[in-house]
Structures are given as structure tokens and as C-alpha cells.
Amino acid sequence: MSVCVECPTGSGLAAEDASAEPIACFEDLACCTICGEGDWEDDNQIIFCDSCDLAVHQVCYGAGARNIPQGDEPWYCDVCKAHPRRANGRHSTNSRPACILCPNRDGALKRTTDGRWAHIMCALWVPGVQFLDAEGRDIIHPYGINHERLGLLCSICKKQHGACIQCKAPRCLTAFHATCARMKGFHMVERERDDYVALEAYCEKHRPASTQKKKRRKRDIKW
Ligand SMILES: [Zn+2]
Ligand SMILES: [Zn+2]
Ligand SMILES: [Zn+2]
Ligand SMILES: [Zn+2]
Ligand SMILES: [Zn+2]
């Protein structure tokens, strides 16, 4: 498993092994691509895929990330497990499977009920999508996506592909893919309600005034 020597995520673990090349991740890479947060706990660390550098919280990723590999054992995300890279290097982005809910290929994808792939993030954000294994966030089932949602054009990537979500501001119809919105740094929040968690995203125009856009380095934004 690769660990960062510069951020708290893996402080010094790689450096302890003299033969291991110390690896420093970019600040942004240390944020979980699913929830966007960089905080972590001992029992919910941010782990990195040794093939595609995906960074996820153990709990956010669910099944497949519950146990941290010991020592030099690598950890691979489900996509990399299913599509091992060739001996001569990494995947090219195009060899990664497409998400059925958005046009973006990087990120944390899990299998769908029909054997295709979808982002955990898309499954969480798009209404009408569920996980058959809810706790493991596995086996994504797009059972009830509203047909009108499938026809929405993303205001960010300008593509009509998969399913968009819409700005939460009253009467704003701006549509975007959840992953596009995360990459663009839109305001995306979880709100605890009585018996569920509401996910709310806002377009750039309706970003609540109190929230400063997080400073992010341009190249490194992953979600
Ligand atoms: Zn997370
Ligand atoms: Zn991977
Ligand atoms: Zn997606
Ligand atoms: Zn988009
Ligand atoms: Zn809006």
C-alpha cells in the first residue's frame, strides 16, 4: 500500500521501510474522492489504490476497503482488481470502465446489478439509485431513476449522459453530474435530518455566501 509521508494520512509509514520509496501525495489527493473530506480516524483511514491512486475512506468505500493491507501488501480498488494493469505501466484512462450515471471514468466505481460500473458518489447523489449491499456500498442498482433526469444536460461537461442532479436553490433548474460538480468545487453538503441524511448541491450562482470555495490546486482535483 502506498502511504503519504507528508500528510497525516500515512505519516511516515513508507519512510520506515528503507527499501520503500517515500511517497508524498498532493494535499488534494489525500482527500477522499467519495465524500471530499480529508479528515480520518484510526478505524476509518484514507487508503490509496496502488494502481490508480484512488483515495478513499475505508467506510466511504465499504466492502473491499474494510481491512488495510499489512506491510508491503498492495491495496487495489475494484476496478483495478477487475482490470489489472499491464506489466509495462498504468491504465490509460480510456481503458477504465465508464460509469453508467456520468461521463467521468476516474474515481471510485463499483459493480452494478447488471455487471457494469457506477461511481459510489453517483449512486449516493442520484435519487432512485441504491446499493443492494447498503453497508458495503456494493452492487449498485439504478432501480428508480426518473426518466426526466436521464434527459438532463450537464451544465459543466455539456453532456447528456447518465443522470444529473440539480441545484437545491429554489426554482433553480441548473443540472450537473455529481462528479462534475465535485471536480468543479461546487458546494455539496450532507444535512442530517430526523431519520435520513439529505444531500444538497448548489450551482456556482447559488453557492451560500458563508462558504468560501476551498482553495484547490488545479491539476490535482480528484473526487
Ligand atoms: Zn470519505
Ligand atoms: Zn484502482
Ligand atoms: Zn459517475
Ligand atoms: Zn457533467
Ligand atoms: Zn442554482
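Biologist: Which residue in the hairpin of β5 and β6 takes a positive phi?
Modeller: R137, with phi near 45°. That hairpin has four residues between the strands. Bear in mind that this is a predicted model.

Biologist: In what sense do β5 and β6 pair, and over how many bridges?
Modeller: Antiparallel, over three bridges. Strand β5 covers residues 130-133 and strand β6 covers residues 138-141.

Biologist: And what stands opposite D133 in β6?
Modeller: D138.

Biologist: Switching to the core. Which residues of the largest nonpolar core touch the most other members?
Modeller: V56, A108, C122 and V126. The core holds 50 residues.

Biologist: Which elements give two or more residues to this core?
Modeller: Among the strands, β1 (46-48), β2 (55-57), β8 (175-176) and β10 (197-202). Among the helices, α2 (58-61), α3 (78-82), α4 (120-125) and α6 (178-184).

Biologist: Which one gives the most?
Modeller: α4, with five residues.

Biologist: Back to V56. What does V56 touch, leaving out residues up to four places away in sequence?
Modeller: C32, T33, I34, I46, I47, Y61, A65 and A108. A108 is also one of the residues that touch the most other core members.

Biologist: New topic, W40. Where is W40 found?
Modeller: In the loop between α1 (13-16) and β1.

Biologist: Why is W40 classed as partly exposed?
Modeller: Because W40 has 19 other C-beta atoms within 10 Å, and buried takes 20 or more.

Biologist: How far apart are W40 and H57 in sequence and in space?
Modeller: 17 residues in sequence. In space, 7.4 Å, C-alpha to C-alpha.

Conventions:
Residues are numbered from 1 along each chain as its sequence is written. Chains are lettered from A and ligands numbered from 1 in the order in which they are written. This is a predicted model: local features need pLDDT of at least 70, side-chain atom pairs count only at pLDDT 80 or more; totals for chains, interfaces and linings use all residues. A nonpolar core is a set of buried Ala, Val, Leu, Ile, Met, Phe, Trp, Tyr and Cys residues joined through C-beta atoms within 7 Å. A residue is buried if 20 or more other C-beta atoms lie within 10 Å of its own, exposed if 12 or fewer, and partly exposed in between; C-beta atoms are placed from the backbone. Two residues are in contact if their C-beta atoms, placed from the backbone, lie within 7 Å. Two strands pair if DSSP finds at least two bridges between them.
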